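Me: Hey, I'm new to this one. Can you walk me through what's there?
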Amino acid sequence: MDAEMIPGLYPLGRCKTLHLVRHAEGFHNVEGEKDFKAYLSYDLLDAQLTPLGWQQARIARHLHIYTRIAKILV
């Protein structure tokens, strides 16, 4: 059965789609890959983005151009 034809509570044209986007790579990810206990470090609680993370964020911020996203909440 086509996804458009599946009966539901609301017609698909009246529904909103929520896109959840994972954050980019942070220093806590890099350190956590080396030693899992690093995820518990207070120093990495609010970790900054790595250079790769900044690159990922720059790419992700333009993704809405190719979709029909009406609003982006940060």
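Me: What volume does the largest pocket have?
Reply: The largest pocket comes to about 980 Å³. This is a predicted model, where local features need pLDDT of at least 70, side-chain atom pairs count only at pLDDT 80 or more, and totals for chains, interfaces and linings use all residues. Residues are numbered from 1 along each chain as its sequence is written, and side-chain values use heavy atoms, with hydrogens and water left out.

Me: What counts as a pocket?
Reply: On a 1 Å grid over the protein atoms alone, a pocket is an open set of points where a 1.4 Å probe fits, with protein on both sides within 12 Å along at least five of seven lines. Its volume is the space filled by probe spheres set on the points, which are joined across faces, edges and corners.

Me: Which residues are closest to the centre of the largest pocket?
Reply: Thr17, His19, Ile69, Lys71 and Ile72, out of 21 lining residues (those with an atom within 4 Å of a point).

Me: OK, new topic. How many helices and strands does the chain have?
Reply: Two helices and zero strands.

Me: Is Thr50 buried or exposed?
Reply: Thr50 is buried, because its relative accessible area is 4% (buried is under 20%, exposed over 50%, partly exposed in between, with a 1.4 Å probe and protein chains only). Across the chain, buried residues make up 12% of the 74.

Me: What does Thr50 touch?
Reply: Leaving out residues up to four places away in sequence, Thr50 touches Glu25, Gly26, Phe27 and Val30. Contact here means heavy atoms within 4.5 Å.

Me: How many aromatic pairs are there?
Reply: One. Phe36 and Tyr39 have ring centres 5.3 Å apart and planes at 70 degrees, so they are edge-to-face. Rings of Phe, Tyr and Trp (its six-membered ring) pair if their centres lie within 6.5 Å; planes under 30 degrees apart are stacked, over 60 edge-to-face and the rest tilted.

Me: How exposed is Phe36?
Reply: Phe36 is exposed at 65% relative accessibility, while Tyr39 is partly exposed at 34%.

Technical notes
Helix = DSSP H or I, 4+ residues; strand = E, 2+ residues; numbered from the N terminus.
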